[in-house]
Amino acid sequence: MRIDIITVLPELLHGPVNQSILKRASDKGLAQIHVHNLRDFGIGNYKQIDDKIYGGNAGMVMMIEPIVNCIESLQKERTYDEVIYMTPDGKLFDQPTANRLSLLENIIILCGHYKGIDQRIREHFITMEISIGNYVLTGGELAAAVVSDAMVRLIPGVISDETSALTDSFQDGLLSPPIYTRPAEYRGWKVPDILLSGNFAEIEKWNDHQALERTLKLRPDLLEE
Ligand code: 6GU
């Protein structure tokens, strides 16, 4: 998978891209993430990328030309499966969406800033609009990092424990059961006996029950779905 992220704040993405799961995937050759500074496609001596909103409202809009020039320079090199715009008015990002996107070959992610982008970009270039939650961020960069992480960790081989991505909270629509490690007792707080019993059939039953109970208690909305 190749992800091209277009942003006015590339520095904000250097941390996530050069650390953690995204770095590991890149080192293994399983995912390449390229960050593009929109300013490089700015107009004129000042490399302008934003301008006043038509119609008198206060605020700035990301201009059509720099964004189209950047997107088209990428599309000249390869075919993209999705051109995603990160925006609070997009479709709420969830695990099924992450699953679907993780199977794609090439993705562009455009990070919104200021009041947003010229509507014509959304109409003619964007194939998908994503929000990561019902709150407003200053820009789409942190959201793009969230979406990239969620997609890339699903690519086979990225996480060393092959089964772990599939047993995550949400993958089966349930929260994960509680987990423990040594010591078996700390300050008198004991790990449940069943987990030390070695009876794997019973342990699996216990885990399933805990997952259901925790979901019922903490996220009943998941069960309604
Ligand atoms: Cl994708 N962008 C911004 N600016 N704010 C958000 C968001 C995205 N998702 C939730 N809030």
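User: Which residues does Glu82 touch, not counting residues up to four places away in sequence?

Analyst: With that exclusion, Glu82 touches Arg100, Leu101, Leu104, Asn106, Ile107, Ile108, Thr127 and Met128, where contact means heavy atoms within 4.5 Å. The model is predicted: local features need pLDDT of at least 70 and side-chain atom pairs count only at pLDDT 80 or more, whereas totals for chains, interfaces and linings use all residues. Residues are numbered from 1 along each chain as its sequence is written, and side-chain values use heavy atoms, with hydrogens and water left out.

User: Why is Glu82 called buried?

Analyst: Buried means under 20% relative accessible area, exposed means over 50%, and partly exposed is in between (1.4 Å probe, protein chains only). Glu82 has a relative accessible area of 11%, so this residue is classed as buried. Glu82 lies in strand β5; strands (E, at least two residues) and helices (H or I, at least four) are DSSP runs, numbered from the N terminus.

User: What makes the approach of the Glu82 and Arg100 side chains a polar contact?

Analyst: A polar contact is a pair of N or O atoms within 3.5 Å; within protein, one must be able to donate a hydrogen and the other to accept it, and residues adjacent in sequence count only if both atoms are side-chain atoms. The side chains of Glu82 and Arg100 make such a contact at 3.3 Å.

User: Is Asp4 buried or exposed, and which side chains make polar contacts with the side chain of Asp4?

Analyst: Asp4, in strand β1 (residues 2-7), has 0% relative accessibility and therefore counts as buried. The side chain of Asp4 makes a polar contact of 2.8 Å with that of Arg2 and one of 2.6 Å with that of Tyr80. Residues touched by Asp4, not counting those up to four places away in sequence, include His34, His36 and Arg78.

User: Why is Asp149 called partly exposed?

Analyst: Asp149 has a relative accessible area of 30%, which means that this residue is partly exposed. Asp149 is found in helix α6 (residues 141-152) and touches Ile21 and Leu22, not counting residues up to four places away in sequence. The C-alpha atoms of Asp149 and Leu22 are 6.5 Å apart, although the two residues are separated by 127 residues along the chain.

User: How do you know that the buried residues of α2 line one face of the helix?

Analyst: In α2 (residues 20-27), Ile21, Leu22 and Ala25 are buried. Viewed down the axis of α2, these residues fall within an arc of 100°, so they line one face; the arc is that of the directions from the helix axis to the C-beta atoms. The cover over them includes α1 (11-18), β2 (32-37) and α6.

User: How is the shell around the ligand divided among nonpolar, polar and charged residues?

Analyst: The shell holds 8 nonpolar, 5 polar and no charged residues. Here Ala, Val, Leu, Ile, Met, Phe, Trp, Tyr, Cys and Pro count as nonpolar, Asp, Glu, Lys and Arg as charged, and the others, Gly among them, as polar. β5 gives the most to this shell, with 3 residues.
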